[in-house]
Each structure stands twice: as C-alpha cells, then as structure tokens.
Amino acid sequence: MSFSSLALSDKLLSVLTEKGYQQPTAIQAEAIPAILAGQDLMASAQTGTGKTAAFTLPLLQLLLDKPVNNAPTKRASVLVLTPTRELAVQVNSNVSQYAVNTDISSLVIYGGVSIDAQATKLAAGVDVIVATPGRLLDHVRRGSLNLSSIEHLVFDEADRMLDMGFMDEISAILKQLPAKRQTLLFSATFSSAIYDLSKKLLQKPVRIEVDKANSAAHNVEQIVYAVDSDRKTALISHLISKNDWHQVLIFSRKKQTADQICQKMTAAGIETKAFHGDLGQGAREQVLNDFKQGKIKALVATDVAARGLDIVELKVVVNYEIPFVAEDYVHRIGRTGRAGNTGKAITLYSEDDALLLEEVETVLDKRLPQQWLPGFEPDLTKMEQPSRKNSKAAQRQRAKKRALGGKKRR
Ligand code: AMP
C-alpha cells in the first residue's frame, strides 16, 4: 500500500516524500481511512509504530477539507491530550512538520511555564491544540480557552493518563467539549479502566491493534476483519491465494452456508469441500483424508461436524461467521496452534455480528480489535445500518444463553 492511495492532499504527501516515508505503517494503513471517514477509533499502539502520523495526517486532511480553515479567527477544532509535557512537545512538533505546507497552526500547552504567554497565543487563534490535561483545564477555568469548537479529540497514551491520575481532569474536560465530535483513543495497553473510559467516550469505534503488548501469551494469532457479508468468500479466497495457504478450516453456522461457501470458493479456483452432517460416513472420511493429504485446500465445516477433528499441523482457521454460542469460538480456534505450533484464527465480522463478538470477547476476557483488509474495506454506509432482524436474532441468542446460565466462563 502507498500513501497516495490514502486520499491525502499533495500538501501532506509531499512532506512524507521529503521525510522519506515509503509506505504507511500498519497502524497508519488502518487508522487513516477510518479517521477520514469520521469514525471513532480505539487503537492499541506503542511509540515507534507511527501512531502520531496515524492520527495527525488524517486530522490535518479533515481540516484542509473544511472551508472555515481560511477564516481569520481560528477556533481550535482538534484537541490532542497527552499525559506528559514531553509527549505533548513531540506530538506538536510532528503536527507542525506535517502541516508545514498548509496554513494550519498548532499550539502546545503544558504546565510549569508561563500561562500568560500561552493565553496570548490562544487568543491569536489556533487550529490544533496539543495539551496535557491539567494546564488545559487551567486555561478553560481562567477563560483563555473555550473548547466548544472542538470537533476531533485524541487521547494519546490514554493508559498513562489514567496511571498518572488524570481521570478527574479528563472528566472535567469532557464536560466542556461538544457531545458531537470524533474521538480517537490510543493506548499501549488496555486495562478495564481503559475499557470503561472507551465506553464513555467512543461511539461504534473501529478497533485497531498493531502490537501484542497486552495479549496473553498464546500461540494462536486472532485477527478480526470487518468486511461486508457479500464479500466474505472473496476475502477468504484472496487470503488463501496471496499467502499460499494449503490447509484452511473454515467454519460456518449452517450446512447450507457451508455448501454455498464451498461452491463459491471452488468457482474461484480454490479446491474446497464441505464437511457437515449431511455427508455419509464414507464421504466424510474421504473428504477428511483429502484435506489431510493436501488434495483440497479448504474445508468448510459446521461446528457439530468439526467436533473432535484433529488435524495436526493446521495453520489457519477461519470463522466465516461468529458462532451463536461464544464458547464454540474457543473450540474453533483451538483447532489450530496445537502441539506448540503457531496458528492463525481469522474471523470475518460484519456489523450484524456486533453482539456476538461482544459475547466472544467476554468469554475470552479480551478485546478482539477489528481490522480492515485493504481492498475489502467495509462499505461504511452499510455498516452504520445494521440489519435489525439479525441484531434481534443475536440479542435473542444472547438472552437465551444468559437464561441457560450455567455455562462456565473461561
Ligand atoms: P511514533 O510512533 O508516532 O512515535 O513514530 C515513530 C517514528 O516513526 C517517528 O520518528 C516518525 O517520524 C516515524 N514514522 C512515522 N511514520 C512513518 C512511515 N510511514 N515511514 C517511516 N517512518 C515513519
């Protein structure tokens, strides 16, 4: 992927060329389109991943797209909160560098230095404010800053902000901000306190995880791709071809879906067989042998049929849909990463499955951040309108599961 495919203005792209950035980092590739699309973001990323440019570039682009940017009295529309003065200075320096070819201005605000000098600069008008929470509030309280024009709020290193005891300041700042805004939350780790904060702050966030800093040691890498339902088989076929995977076990909820996936993938040139209860014993053994011997690349199975399947070196499991019973997810992904091998579990997620994904995350006690696979990005207009029918079905399932109650949570 190149930066030029990310819908950024030449004013920004030329800086990246000068800096010698060849291509977006992983977090940039995922965050930039989501931010440009106006979505909230919950990103797990540490320093060194390129996270600063991941939020700065698209926010500058959004400012460039606004006609008001040329108005003489600049009212800040971007606020970046950081835990420390050092980080604030560093982020602000990045903003200035990336904005060098534009007339967008930025200001850094932190404590321990003259507040009057900062107030004078604020009064002159500025587009982007990068601040530590305490001093920012001082300005709000003394009337040198009004936050009602903020449209984009960024939390950089949110975990450190909470560790440093800034929660009260954050709550006070939030009260001053317009409710209608875009909020981006970056954190190196995700604790329950961060989840609580994210619930309060974010609306339907795109979740991105580019490092495994906080994930429990586990030899199955779990990836969730948000994708439109009608592009799921195309996405799987693409991944199999691109990665030259020889043995992929795909799970579907129903026999008919298994057959449909099988047909589509066979048509796409990938040797695939379905594996479900409608097959006679002989046929099942035949299909399984073909799969184990590499005669077919993909096996599409239902949960019931797959129970007890043991394929020693299975590298990839795909959840075509999230199972209705969250514990089945654990069984499914447990088919790979066996005997000390590493494995990948890829889950194809569409908005209809939101509640089911939540259930899985509860069972795992872990967030499964969604990603977009370039070329298979979901149609965001469709994503915003989940099918009521399916959501209700999912809710019913959830209610049912709760009612059954007794299942052990791992
Ligand atoms: P950060 O994670 O934001 O602290 O950035 C880490 C370093 O990576 C900074 O020095 C950036 O200038 C640099 N950087 C950011 N994006 C890229 C990129 N796409 N290619 C090369 N270097 C980058």
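Here are some notes on this predicted model, point by point.

1. **Ground rules.** Residue numbers start from 1 along each chain as its sequence is written, and side-chain values use heavy atoms, with hydrogens and water left out. As this is a predicted model, local features need pLDDT of at least 70 and side-chain atom pairs count only at pLDDT 80 or more, while totals for chains, interfaces and linings use all residues.

2. **The overview.** You'll find 17 helices and 14 strands in the chain (DSSP runs numbered from the N terminus: helices are H or I with at least four residues, strands are E with at least two). Of its 410 residues, 53% count as buried (under 20% relative accessible area; exposed is over 50%, partly exposed is in between, with a 1.4 Å probe and protein chains only). The chain exposes about 18,800 Å², and carbon and sulfur atoms supply 50% of that (Shrake-Rupley method, 1.4 Å probe; for residues, only the protein chains shown count as cover).

3. **The sheet.** Look for an open sheet of 7 strands, in the order β3-β4-β2-β5-β6-β1-β7, with parallel pairing (two strands pair if DSSP finds at least two bridges between them). β3 (106-109) and β7 (206-209) are the edge strands, each pairing on one side only. On average, neighbouring strands are turned by 15° against each other, direction ignored (axes are lines fitted to C-alpha atoms, for helices over the stretch in contact, and angles run from 0 to 180 degrees between N-to-C directions). At the β7 end, strand β1 (residues 41-44) pairs with β7 over 4 bridges in the parallel sense, and Met-42 stands opposite Arg-207 in β7.

4. **A helix across the strands.** Helix α4 (residues 85-98) lies across β2 (78-81), β3 and β4 (128-131), and runs at about 175° to β3.

5. **Helix α2.** After α2 comes Gly-38, with a positive phi near 85°.

6. **The cores.** The largest nonpolar core has 56 residues, and Leu-41, Phe-55 and Leu-57 touch the most other members (such a core is a set of buried Ala, Val, Leu, Ile, Met, Phe, Trp, Tyr and Cys residues joined through side-chain atoms within 4.5 Å). Helix α3 (residues 51-64) gives the most to this core, 8 residues. The core lies between domain 1 (3-209) and domain 2 (220-397), because both give residues to it (the bounds come from an automatic or database domain assignment). Apart from it lies another core, of 34 residues, including Ala-131 and Ile-150.

7. Ser-77 sits in the loop between α3 and β2 and is buried, at 4% relative accessible area. Beyond four places in sequence, its contacts include Leu-63, Asp-127 and His-152 (contact means heavy atoms within 4.5 Å). Gln-370 is in strand β14 (residues 370-371) and is buried too, at 8% relative accessibility. Leaving out residues up to four places away in sequence, Gln-370 touches Glu-30, Arg-207 and Tyr-349, among others.
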